[in-house]
Amino acid sequence: MKAAVITGVGSVEVTTVDDPTCGPREVVVQVAACGLCGTDLHILQGEFAPTLPVVPGHEFAGTVVEIGSQVNEVAVGDRVAVDPSLYCYECRMCRSGRSNLCERWAAIGVTTSGGAAEFAKAPVANCVKLPDHVRTEDAALIEPLSCAVRGYDVLRSQMASRVLIYGSGTMGLMMLQLGKLTGASSIEVVDLNPERLETAKQLGVTAVAATPDELDRPQGWDVVIDATGNEKAIQDGLGRVAKGGTFLQFGVSDYSARVTIEPYKIYNQEITITGSMAVLHSFERAADLFATGVLDPEVFISDRVPLDDYAGALDQFKSGKGRKIQVLP
C-alpha cells in the first residue's frame with residue numbers, strides 16, 4: 001500500500017509499505033481522511049516517536065475492510081473513527097484510571113503505523129461507529145475534538161467564566177466552541193494570524209486581538225488556555241490569570257521550551273497551573289458531540305490534499321496557512 005513515512009529527522013516521503021494485517025481483536029481500516037497535527041511536526045523533529053521510520057497520522061477515520069477472528073463489535077463495511085491511544089493497562093497510572101499518562105504510552109501514528117496511508121490497523125476497542133449523517137472524511141476531526149473535551153474535563157469550568165485563548169488554529173477554535181457549551185460569560189482569542197482570527201469571529205467569539213493588551217481585562221481572566229505551545233505566548237498567558245483563576249497548558253510545546261513562574265503570586269492568588277495530555281475517556285463523548293453538529297467541518301477543514309502531497313501539506317501546516325489540513329489516500 002501507499003503511505004507517508006517519516007524516515008528520519010526532517011525527512012518524509014510517500015512510498016510503498018507492507019499492507020497491515022490484523023490480530024484476533026484488531027481491524028484494518030481503509031482510510032478516508034487523515035488530519036495533520038502539531039504532533040506530526042514534533043515527530044518530524046525527532047520528538048515523541050521512540051523510533052523512526054514511522055507512518056504518522058493519529059487523526060483518521062475510514063471503512064472497516066478486515067476484521068480479526070475474535071471481532072464481533074464491528075463488521076466489514078462499517079464506517080469508524082479511530083481513537084489512536086494505546087495503553088498497557090498494567091502500570092500504576094493505568095491502574096489508577098489515568099491511562100493517558102501510561103508509563104508505556106503509545107499511539108497509532110506516533111509509535112506505530114498510522115493513518116497517513118491507504119490502510120491502517122487498530123484495536124477494535126478503539127473504533128467508534130459513525131452515524132449515517134456523518135461523513136467519513138469529516139469524522140477525522142473527532143480525535144482532536146476528544147483532546148479538547150479532555151481539556152475541559154481538566155478545567156472543570158464554572159459557569160460565567162471569563163476565558164482567554166491563545167491561538168486560533170484548529171485546537172484553539174475547538175476550545176472556543178466547547179467553551180461556549182460550558183456557559184462562559186466571555187471568550188476572547190488572541191493570535192498574530194489575522195486570517196485565523198477571522199475564523200474565530202465567524203464562530204462567534206466575544207472579541208479577538210493580536211495581543212491581550214488590546215482587550216479590556218485589567219483584572220485578568222478566570223481561565224487562560226494556551227493552544228499554541230509557543231514559549232512567548234505561554235509566558236504572557238501566565239501573567240494574565242485572574243485571582244483564583246486557572247492556566248491550562250493545552251498546546252504542545254517543544255521539549256526545550258522554558259518559562260518563568262512567580263511562586264508567591266501562585267500562592268497568594270491561589271492560581272492553578274495545569275495541563276491536559278491527549279485523550280482520556282473522551283473519545284466517545286467527542287464522537288457524540290460531533291454527531292450533534294458542535295463543529296462545522298466546512299469551517300474547520302480548510303484543505304483536503306492527496307496523500308502524494310503529504311510533505312507539502314506538512315510545510316503548509318508549519319507555515320500557519322489554513323486551518324485543519326487533511327490528506328486523502
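A residue is called buried when its relative accessible area is under 20%, exposed when it is over 50%, and partly exposed in between, with a 1.4 Å probe and protein chains only. The structure described here is a predicted model, in which local features need pLDDT of at least 70 and side-chain atom pairs count only at pLDDT 80 or more, whereas totals for chains, interfaces and linings use all residues. Residues are numbered from 1 along each chain as its sequence is written, and side-chain values use heavy atoms, with hydrogens and water left out.

The chain contains 10 helices and 17 strands, where helices (H or I, at least four residues) and strands (E, at least two) are DSSP runs numbered from the N terminus. The radius of gyration of the chain is 20 Å, close to the 20 Å given by the globule rule for 329 residues, so the chain is as compact as a globular protein of that length; the radius is taken over C-alpha atoms, and the rule is 2.2 Å times the number of residues to the power 0.38. The C-alpha trace spans about 60 × 40 × 40 Å along its principal axes. Of the 329 residues, 52% count as buried, and the accessible surface of the chain comes to about 14,800 Å², of which 49% belongs to carbon and sulfur atoms; such areas come from the Shrake-Rupley method with a 1.4 Å probe, and for residues only the protein chains shown count as cover. When contacts (heavy atoms within 4.5 Å) between residues at least 6 apart in sequence are considered, 70% of them join residues at least 24 apart.

Strand β14 (residues 241-249) has seven of its nine residues buried, so this strand is largely enclosed by the rest of the structure. Strand β13 (residues 221-226) pairs with β14 in the parallel sense over five bridges, two strands being taken as paired if DSSP finds at least two bridges between them. Within this pairing, Leu248 of β14 is the bridge partner of Ile225. Between β13 and β14 the chain passes through helix α6 (residues 231-238), and this β-α-β crossover is right-handed, a term used if, with the strands pointing away from the viewer, the path from the first strand over the helix to the second runs clockwise. Strand β14 is also joined to strand β15 (residues 272-275), the two running parallel with four bridges between them, and here Thr246 stands opposite Thr272 of β15.

A further parallel pair is formed by strands β16 (residues 301-306) and β17 (residues 324-328), which are linked by five bridges, with Arg304 opposite Gln326 of β17.

In helix α5 (residues 194-202), the buried residues are Arg196, Leu197, Thr199 and Ala200. Seen down the axis of α5, these residues fall within an arc of 150°, so they line one face of the helix; the arc is that of the directions from the helix axis to the C-beta atoms. The cover over the buried residues of α5 includes α4 (170-181), β11 (186-190), β12 (207-209) and α9 (297-300), while Pro194 and Gln202, on the other side of α5, are exposed.

The loop between α1 (38-44) and β4 (59-67) holds Thr51, and Phe48 is found in that loop as well. Phe48 counts as partly exposed at 29% relative accessibility, and, leaving aside neighbours within four places in sequence, Phe48 is in contact with Thr39, His42, Ile43, Val110, Val252 and Tyr255. Thr51, in turn, counts as exposed at 51% relative accessibility, and the C-alpha atom of Thr51 is separated by 9.6 Å from that of Thr7, which is 44 residues away along the chain. Pro53 also lies in the loop between α1 and β4, and a cis peptide bond with an omega of about 10° joins Leu52 and Pro53.

Most residues other than glycine have a negative phi, and most peptide bonds are trans. Ala160, in the loop between α3 (142-155) and β10 (162-166), has a positive phi of about 65° although it is not a glycine, and at 48% relative accessibility Ala160 counts as partly exposed. Glu270, which is found in the loop between α7 (263-268) and β15, likewise has a positive phi, of about 50°, without being a glycine, and Glu270 counts as exposed at 62% relative accessibility.
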